[in-house]
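This report describes a protein chain together with a DNA strand.

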Amino acid sequence: MKILTWNINSVRLRAPLVIKAIQALAPDIVCLQETKCPDPQFPEKIFRDAGYEHAHFTGMKGYNGVAILSRVPFHTVDKWDRFGKADCRHAAVEVISPKFKKPVQIHNLYIPAGGDIPDVNVNEKFAHKLGFVDEMGKFFADTYTRTDPIVVVGDFNIAPLVNDVWSHKQLLDVVSHTPIEVEKLTAMQNSIGWVDAIRHFTPEPEKVYTWWSYRNKDWKASNRGRRLDHIWVTPPLKDHLKGYKILSDARDWTQPSDHVPVMIELDL
DNA sequence: ATGGTAGGTACCCTA
């Protein structure tokens with residue numbers, strides 16, 4: 001089973017690029033973030049016509065929004081409001097796997113970016129981000145155990161490791177790579193023993209990026225990337241990891257997202 | 001030290 005995650009920054013604008021990524025990678029399940037689309041306007045048909053007839057999404061006007069599209073049947077698990085806000089950042093489904101006795105859940109997550117200033121006293125968006133990550137860790141610990149087969153994917157907006165950013169030293173005070181964010185994300189990861197599936201294949205100190213800012217003249221030449229998008233699995237799935245792909249080419253497509261598609265293949 | 005770009009929306013917010 002192939003699971004793709006991509007922050008596409010407007011699903012209505014970039015649905016054709018999602019189709020292009022689907023044609024390149026042939027995922028079974030596609031998890032999108034930043035759909036920026038209220039549910040009644042979600043472009044379901046274009047994905048249905050491409051073979052992804054199952055969909056679970058939660059969106060709102062202008063901001064945020066997550067969607068799960070699938071060519072295999074799933075059961076909807078739920079969608080959640082997080083940290084007291086109805087901001088459409090978390091949804092989950094479950095699929096039946098012949099390898100496991102119980103269903104495998106897939107969680108799609110869009111963690112808040114957190115604003116520019118890494119100080120909770122002057123920046124409420126940063127406080128929201130840290131609180132959101134705390135709440136996710138508590139949710140996983142309260143709802144599951146580390147023996148449940150679960151996948152969580154999404155734009156976590158945090159690059160936790162030294163080589164998840166182009167310059168560890170220069171980004172220590174930049175939101176996405178500050179020590180407090182890394183501490184919170186690590187606590188969330190430890191909640192039920194999440195395994196970082198991308199680093200399973202490309203351990204430190206190899207540089208791995210999934211996002212390059214729009215504000216760089218030449219993203220490829222400057223290569224000031226960050227690994228903000230993640231795929232984690234619980235311990236029972238670790239031995240079933242078969243491969244991964246980061247489609248960096250997509251950063252060069254016409255009208256690109258600033259994030260690129262990240263995919264994991266699991267033997268389920 | 002600063003400002004750079006993008007999308008959605010409505011004249012500004014978030015990323």
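In chain A, 68% of the contacts between residues at least 6 apart in sequence join residues at least 24 apart, a contact being heavy atoms within 4.5 Å. The model is predicted: local features need pLDDT of at least 70 and side-chain atom pairs count only at pLDDT 80 or more, while totals for chains, interfaces and linings use all residues. Residues are numbered from 1 along each chain as its sequence is written, chains are lettered from A and ligands numbered from 1 in the order in which they are written, and side-chain values use heavy atoms, with hydrogens and water left out.

**Overall fold**

Chain A contains seven helices and 14 strands; these are DSSP runs numbered from the N terminus, helices being H or I of at least four residues and strands E of at least two. Its C-alpha trace spans about 45 × 40 × 35 Å along the principal axes. Of the 268 residues, 57% count as buried, that is, under 20% relative accessible area, with exposed over 50% and partly exposed in between (1.4 Å probe, protein chains only).

**Surface near DNA strand B**

DNA strand B is surrounded by 17 residues, the closest being Ser10, Leu13, Arg14, Tyr214 and Arg215; a residue is near the strand if one of its heavy atoms lies within 4 Å of it. By residue class, the surface holds five nonpolar, four polar and eight charged residues.

| Protein atom | Atom of DNA strand B | Distance |
|---|---|---|
| Arg14, side-chain N or O | phosphate oxygen | 3.0 Å |
| Lys61, side-chain N or O | phosphate oxygen | 3.5 Å |
| Tyr214, backbone N or O | sugar or linking oxygen | 3.2 Å |

**Arg224**

Arg224 lies in the loop between helix 6 (219-222) and strand 11 (225-226). Arg224 is partly exposed because its relative accessible area is 39%. Not counting residues up to four places away in sequence, Arg224 touches Trp166, Trp212, Asn216 and Trp219. The C-alpha atoms of Arg224 and Thr210, 14 residues apart along the chain, are separated by 11 Å.

Definitions and conventions. Polar contact = N/O pair within 3.5 Å; in protein donor to acceptor, adjacent residues only side chain to side chain. Nonpolar A, V, L, I, M, F, W, Y, C, P; charged D, E, K, R; others polar.
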